[in-house]
Amino acid sequence: MKRLEVLKTYKIYIGGKFPRTESGRYYTPLNKKGEQLASVSQSSRKDVRNAVVAARKAFGGWSERAAFNRGQILYRIAEILEGRKLQFIEELIFQGSSKSNAEKEVNVSIDRFIYYAGWCDKYSQILGSVNPVASSHFNFSVPEATGVVGVITDQTSSLIGLVSLVAPIIAGGNTCIVLASESKPLCAITFAEVLNSSDVPDGVVNILTGSQEEMIEPLTTHMDVNAMSYSGISKNFEKQLKESSALNLKRVSIYSKDWIKSDNQDLYMIADFQEIKTTWHPIENIGGSSSFY
Amino acid sequence: MKNDTTNIVLPDFSKSPRIDKVGVEEQVAKFQKRSVKAETKKQGLRMALNMIDLTTLEGKDTPGKVKQLCYKAQHVHDILPGLPKVAAVCVYPSMVGVSVKALAGSGVKVASVSTAFPSGQSPLSVKLMDTKFAVSEGADEIDMVISRGKFLSGEYNFVFDEIAVIKEACGEARLKVILETGELVTLDNVRRASDIAMYAGADFIKTSTGKIQPAATMQVTCVMLEAIRDFMDTTGIKVGMKPAGGISNSKLALHNLVMVNEVLGSEWLSNEWFRFGASSLANDVLMQIIKTETGVYQSSNYFSID
Amino acid sequence: MAKQGNKKNKAFSWDYAPALEGISHLNIKEKYDLFIDGKFVKPSSCKYFDTINPATEERISQIAHGSEIDVDKAVKAARRAYVNVWSKTSPSERAKYIYRIARLMQERARELAVIETLDSGKVITESRDIDIPLACNHFFYYAGWADKLEYAFPNRKVESLGVVGQITPWNFPLLMAAWKIAPALAAGNTVVLKPAETTSLTALKLAEIIKDSGLPNGVVNIITGYGDTGAAIVNHKDINKIAFTGSTQVGKIIQKSIAGTDKRVTLELGGKSANIILDDAPIDQAVEGIVNGIFFNQGHVCSAGSRLFVQEGVADIVINKLKRRMDKLIIGDPLDKNTDVGAINSKEQLKTINDYIKIGKDQGAKIHQSSSKAPKKGYYCVPTIFTDVAQSNRIVQEEIFGPVLTVQTFRTIDEVIQKANNSPYGLAAGIWSDKGSRVFNLSSKLKAGVIWANTYNKFDPTSPFGGYKESGFGREGGLHGLRAYVNLK
């Protein structure tokens with residue numbers, strides 16, 4: 001007798017937990033062959049709200065964590081991803097990828113985390129500066145995490161689009177709320193399981209599935225979200241995003257890139273979610289003599 | 001008027017207010033930017049002249065030299081009538097007697113340096129004798145030096161006690177306490193030494209001996225003026241200020257007066273509460289006064305050097 | 001007492017005689033046209049408005065009111081100059097033009113300073129010693145970047161954006177024009193700039209300098225006018241980037257109106273910055289820092305330290321010293337070198353400030369004003385502080401943009417960090433303490449783009465300036481200021 005397969009329930013990821021959407025709704029996206037992918041949570045405004053609260057709560061601790069430690073945690077994500085590689089490949093294939101594309105997508109995703117893990121304790125040195133002001137002051141600029149970031153991932157990819165946006169954001173000490181691909185949501189939730197077992201503190205990444213159209217308004221207008229990251233091609237969508245962001249002057253970054261290409265990753269994607277803080281302090285110049293040298 | 005601090009509760013001098021030097025430089029720059037013109041300038045120059053402690057503190061001082069200086073103190077520039085006299089002459093103890101005689105009845109005070117000036121490196125008994133001798137010779141004012149070595153070693157009580165004892169020995173003479181700020185180096189130290197001197201009974205605090213550079217910079221004077229103001233706020237006792245050394249021209253003197261005016265107020269703008277310790281300042285002030293009267297730039301050939 | 005004294009002075013006061021900066025050397029035209037394509041041209045509407053000296057309420061000159069048509073002409077000229085000339089000019093030649101502008105500004109520094117004071121009401125010592133030298137130095141600083149951009153953005157190819165539209169405020173008229181124009185030109189862009197309507201004169205003097213410098217026609221265009229002129233720049237289709245300094249309210253409108261376009265934007269907006277005095281601070285310098293923080297330029301500073309937080313142990317002493325210091329501030333003719341507090345920039349702004357003072361009183365805050373007297377004529381506001389206020393008072397929450405300070409006390413570091421960050425703004429903050437580790441704790445936790453530790457309101461061309469949260473985004477000044485004017489490939 002053939003063994004009955006145990007199916008996975010795809011829930012959402014908020015504050016380190018896997019709740020069902022508070023609305024109790026679900027939707028069933030289909031793959032190219034017309035097969036149902038799963039019963040996926042259709043998140044509501046309230047789920048968005050809860051996710052922002054979780055991200056804000058996590059922000060202080062995550063942004064103040066030692067850069068080295070953040071690097072370790074991003075590296076750990078890559079390790080766990082590597083270990084669950086086959087599962088992601090299967091999901092990608094089920095959602096319509098060819099085997100070779102699926103393998104490539106997972107490999108690039110893993111390597112992308114390695115890339116950004118390495119940046120964690122270096123970007124401050126490249127993006128910061130000591131500024132030679134003309135007065136008797138020591139003056140330096142350092143990048144600091146912007147805060148809570150809303151992420152709207154590329155609709156066309158299940159994993160790499162999400163990874164490419166999330167990695168630089170959390171490498172830089174931000175926390176985020178991710179709206180997963182509506183049509184290909186499986187990898188996003190499996191990725192949440194990876195995060196959950198990789199020492200990433202609860203609430204640093206929160207992942208919601210459902211209708212982007214429904215969630216975008218509460219997310220982009222939310223006054224406690226500091227920035228938005230969007231990858232996609234809809235000009236109307238961009239317009240709505242920018243207009244709503246004007247409410248509290250969210251920083252908006254829009255990317256249109258083929259994420260599967262291994263060089264579509266860089267320092268300036270970290271910089272996009274950093275604020276430059278400049279500190280001045282007087283230098284007491286006793287005697288003022290250079291004869292001491 | 002002499003200050004009596006015997007019943008004042010003493011603060012912990014190690015906790016004297018902190019000073020940020022760059023901030024002080026900015027404060028001073030504001031005073032230096034004040035534009036002193038017309039009547040304000042005339043008034044300021046006369047005040048400055050009247051606040052000078054005309055000073056000679058040389059190993060080669062003789063009664064002859066000191067007598068000439070005393071004459072100058074009373075007759076700064078007789079060609080222009082109505083000019084004020086200087087506040088005092090400042091000499092070594094051995095020259096007090098001749099100065100007192102030369103200045104008798106003029107209203108110009110005699111100030112004597114004391115306590116093993118300028119180094120202060122003698123035992124207390126010698127410093128006391130030094131002081132008592134000057135007072136007995138008729139000095140109106142005693143300019144003592146603090147023990148900088150002890151101060152820098154953190155022996156604040158020693159410094160305090162020494163000032164208090166000298167104060168007692170001064171009798172009726174007013175006590176000016178010289179901090180020798182050039183050796184204290186930091187403005188934190190200047191502030192702490194000012195507090196110690198005032199709580200120990202100083203009638204005046206004074207920046208320098210004139211033997212060490214830097215001497216009376218405006219930064220140092222600014223910190224000391226603020227210490228005087230805070231002491232007044234806390235105890236109600238008014239203390240005088242004497243920057244000495246390095247104030248050689250009218251512009252610097254006027255900037256100092258601006259600073260006194262703005263930090264302490266005009267009630268300090270008399271020679272009862274503010275002095276310049278200087279030797280060459282008087283002639284420059286005179287030249288400026290004549291310039292404001294005549295509109296003609298002056299030459300030092302027309303002003304006596306004593 | 002009598003033993004020592006000469007004549008005892010009764011209520012003697014040594015006041016400073018007027019020391020007025022001369023204005024005979026100024027070269028101000030009766031009427032100013034728009035600067036388009038290297039020429040001064042009449043506005044299409046033929047409309048002009050008066051620019052007023054806020055210290056005397058008298059007219060200084062007349063300024064052209066640029067319309068949509070004029071803006072279009074300017075943008076076209078800027079586009080032509082970008083395509084035909086400026087993008088083809090080698091970076092090192094670009095640098096030399098910018099250096100030349102800096103030198104010409106230096107040569108005419110005194111005239112610029114006096115005109116700035118006449119037009120804006122700021123005191124002459126400030127325009128002479130701060131605004132104008134900093135503006136010149138800004139051009140000097142960015143000139144040198146023109147042929148070194150690759151070093152600023154490692155591993156990337158740097159491209160200019162094209163035509164940039166820039167809108168500047170009235171609080172530092174020439175300095176803000178320099179902050180905008182210098183990096184834009186260094187990065188290879190061409191410019192259409194609109195100065196604030198109450199303070200156009202120095203930007204127009206800068207236009208004359210730019211003309212004299214031989215900068216190719218159309219590389220910089222200056223269009224004067226009101227908000228509608230600014231809106232025409234923001235909404236023009238052929239502009240690649242908007243740089244705006246002004247109110248948060250207008251900043252939001254700009255971000256909204258460019259949604260749906262590919263225009264880039266940087267915004268330097270309002271603030272309600274905290275100035276924090278800890279109990280181990282160098283008190284006298286801190287008091288001076290409070291004064292610099294809020295009364296500098298009549299409080300017309302986006303980074304003004306308008307919320308004072310004093311630790312309880314030193315609150316009385318700090319407030320008493322502050323009050324005494326305020327009484328020493330000289331309010332009066334901005335042209336007098338002894339004036340500390342000049343005129344409020346405009347009648348409208350004076351009304352805004354006075355409305356807030358009334359709100360403060362109505363909400364039960366305790367008011368103290370400097371005993372110094374302000375002139376009868378002209379727009380003046382006496383330095384004012386409010387004690388007995390709470391976070392929930394409107395004067396604590398809202399930007400007043402005038403010489404009005406609110407004073408709150410606190411007990412612990414955590415409390416003051418929380419209160420200081422409890423604002424939609426995040427431009428600057430001041431910290432006064434003698435202890436380094438404490439300063440660094442606060443400086444890392446305060447959400448603000450500029451932290452002044454044991455100092456306040458310092459600016460330098462090499463030092464990036466700009467805010468967190470609703471104080472805007474992007475930086476001006478320093479290496480980071482270049483980012484706003486380049487595309488990274």
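# Exercises on a three-chain model

Pro214(B) sits in the loop between strand 6 (204-206) and helix 10 of chain B. Helices here are DSSP runs of H or I with at least four residues, strands are runs of E with at least two, and both are numbered from the N terminus. This is a predicted model, in which local features need pLDDT of at least 70 and side-chain atom pairs count only at pLDDT 80 or more, while totals for chains, interfaces and linings use all residues. Residues are numbered from 1 along each chain as its sequence is written, chains are lettered from A and ligands numbered from 1 in the order in which they are written, and side-chain values use heavy atoms, leaving out hydrogens and water.

## Exercise 1: buried or exposed?

**Task.** Decide whether Cys46(C) is buried or exposed, and do likewise for Gln298(C).

**Solution.** 
1. Check the backbone. Cys46(C) is not a glycine, yet its phi is positive, about 60°. Gln298(C) is not a glycine either and has a positive phi of about 55°.
2. Locate both. Cys46(C) is in the loop between strand 3 (39-41) and strand 4 (48-53) of chain C. Gln298(C) is in the loop between helix 10 (283-295) and strand 13 (307-311) of chain C.
3. Apply the cut-offs. Under 20% relative accessible area is buried, over 50% is exposed, and in between is partly exposed (1.4 Å probe, protein chains only).
4. Conclude. Cys46(C) has 55%, so it is exposed. Gln298(C) has 1%, so it is buried.

## Exercise 2: a lysine inside

**Task.** Describe the surroundings of Lys242(B).

**Solution.** 
1. Lys242(B) belongs to strand 7 (residues 240-242) of chain B.
2. Its relative accessible area is 0%, so Lys242(B) is buried.
3. Leave aside neighbours within four places in sequence. Its contacts (heavy atoms within 4.5 Å) then include Asp53(B), Cys90(B), Lys176(B) and Arg275(B).
4. Its side chain makes a polar contact of 3.0 Å with that of Asp143(B). A polar contact is a pair of N or O atoms within 3.5 Å; within protein, one must be able to donate a hydrogen and the other to accept it, and residues adjacent in sequence count only if both atoms are side-chain atoms.

## Exercise 3: two interfaces

**Task.** State how many salt bridges join chain B to chain C, and how many join chain C to chain A.

**Solution.** 
1. Take B and C. In contact are 43 residues of chain B and 34 of chain C.
2. They bury about 3400 Å², 44% of it on carbon and sulfur atoms. Buried area is the accessible area (1.4 Å probe) that two parts lose on being put together, summed over both.
3. Count eight salt bridges there. Each has a side-chain nitrogen of Lys or Arg within 4 Å of a carboxyl oxygen of Asp or Glu. One joins Asp340(C) and Arg34(B), with the closest N and O atoms 2.8 Å apart.
4. Take C and A. In chain C, Gln255(C), Tyr468(C) and His480(C) lose the most area to chain A.
5. Count three salt bridges here. Lys235(A) and Asp262(C) meet in a salt bridge of 3.4 Å, N to O.
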